[in-house]
Amino acid sequence: MAHPAQLGFQDAASPIMEELMYFHDHTLMIVFLISSLVLYIISLMLTTELTHTSTMDAQEVETVWTILPAVILILIALPSLRILYMMDEITTPTLTLKTMGHQWYWSYEYTDYENLCFDSYMTPPLELDPGELRLLEVDNRVVLPTEMSIRMLISSEDVLHSWTVPSLGVKTDAIPGRLNQATLMTSRPGIYYGQCSEICGANHSFMPIVLELVPLKHFEEWLLSTLE
Amino acid sequence: MASGTLAKPQMRGLLARCLWIHIVGAFTVSLGVATLYKFGVAEPRKKAYADFYRNYGSMKDFEEMRKSGIFQSAK
């Protein structure tokens with residue numbers, strides 16, 4: 001989850017999110033480079049007393065400020081495409097989890113082996129236990145195994161929603177009538193929080209997502225105990 | 001009385017000279033800012049992740065979390 005006054009990303013819990021963070025660092029570095037250059041030039045323009053009133057053309061600088069931005073854009077595009085293709089790699093997922101967005105809760109279906117389906121509603125603030133997080137906790141968490149490729153199939157039963165878990169770098173729209181696929185692969189166990197990310201009505205802010213990532217053995221035990 | 005002659009001051013090209021100095025300065029400042037960000041933020045972040053995962057034990061981490069009682073599925 002995010003901490004108060006946090007500015008940056010949440011700690012990455014998946015390889016893709018790590019790559020996204022490094023790409024963001026690379027792009028922000030370029031943003032700072034351009035911004036500092038422009039700021040320097042603006043301050044220069046505001047403090048000079050020298051003028052040149054008969055400028056007719058400036059072929060050299062025109063060439064520079066055409067080529068240089070093109071080079072900068074290529075330097076941004078190449079890592080961007082690398083991550084884009086990395087996110088779309090075809091893997092063989094070990095598990096498939098379906099999630100449907102509703103107004104205003106998520107429902108989950110584990111249908112690979114047996115049929116396990118449940119709804120996940122936000123825990124109202126008055127019903128929270130001490131130490132629990134306001135507007136983030138749910139009654140039934142999504143339990144998944146760590147260090148395994150998991151296929152998420154995301155859709156909606158009514159309006160647009162978006163299934164998001166920032167720590168894992170996942171944000172996928174839940175569109176009625178459409179099935180969107182995302183791939184999850186977590187590097188470490190833990191509890192990961194997310195919130196609906198597409199405006200969907202009055203309680204859009206009150207339909208969070210909580211993933212509980214545990215080792216495979218514990219996931220299987222949970223699955224069996226829940227099915228009983 | 002004897003009088004010395006002053007050196008002729010630079011009369012032309014003042015703007016061009018000023019522009020040249022400041023273009024070099026602007027690029028130096030902006031590349032400096034980018035280098036500062038890269039070695040002050042980006043590289044330490046990569047190193048922090050690499051150091052974290054070098055000796056990371058996921059089962060040990062999981063057991064600590066389980067004992068603290070945060071999981072619903074594993075008590």
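Two strands are taken to pair if DSSP finds at least two bridges between them, where strands (E, at least two residues) and helices (H or I, at least four residues) are DSSP runs numbered from the N terminus. The structure is a predicted model, in which local features need pLDDT of at least 70 and side-chain atom pairs count only at pLDDT 80 or more, while totals for chains, interfaces and linings use all residues. Residues are numbered from 1 along each chain as its sequence is written, chains are lettered from A and ligands numbered from 1 in the order in which they are written, and side-chain values use heavy atoms, with hydrogens and water left out.

Chain A contains an open sheet of 5 strands in the order β3-β2-β1-β5-β8, with mixed pairing. At its edges stand β3 (116–120) and β8 (180–184) of chain A, each with a single partner strand, so one side of each has no neighbour in the sheet. On average, neighbouring strands of this sheet are turned by 25 degrees against each other, direction ignored. Strands β1 (residues 95–102) and β2 (residues 105–110) of chain A run antiparallel and are joined by 5 bridges. A:Met100 has A:Ser107 in β2(A) as its bridge partner.

Helix α3 (residues 216–227) of chain A packs on the sheet and touches β1, β2 and β3 of chain A, contact meaning heavy atoms within 4.5 Å. The direction of α3(A) makes about 90 degrees with that of β3(A); axes are lines fitted to C-alpha atoms, for helices over the stretch in contact, and angles run from 0 to 180 degrees between N-to-C directions.

Within chain A, the axes of α1(A) and helix α2 (residues 59–87) come within 11 Å and cross at roughly 170 degrees. The two helices α1(A) and α2(A) are therefore roughly antiparallel, a term for angles over 145 degrees. Among the residues in this contact are A:Phe23 and A:Ile30 of α1(A) and A:Ile76 and A:Ile83 of α2(A).

Between the chains, helix α1 (residues 15–47) of chain A packs against helix α1 (residues 14–54) of chain B at an angle of about 160 degrees, with the axes 8 Å apart. That angle makes α1(A) roughly antiparallel to α1(B).

In UniProt, an unreviewed entry places the feature "domain: Cytochrome oxidase subunit II copper A binding" at residues 92–225 of chain A; such annotations may be inferred rather than shown by experiment. Over residues 92–225, chain A is 7% helix and 43% strand, and the end C-alpha atoms are 27 Å apart.

Technical notes. Angles under 35 degrees count as roughly parallel, over 145 as roughly antiparallel, 65 to 115 as roughly perpendicular and the rest as oblique.
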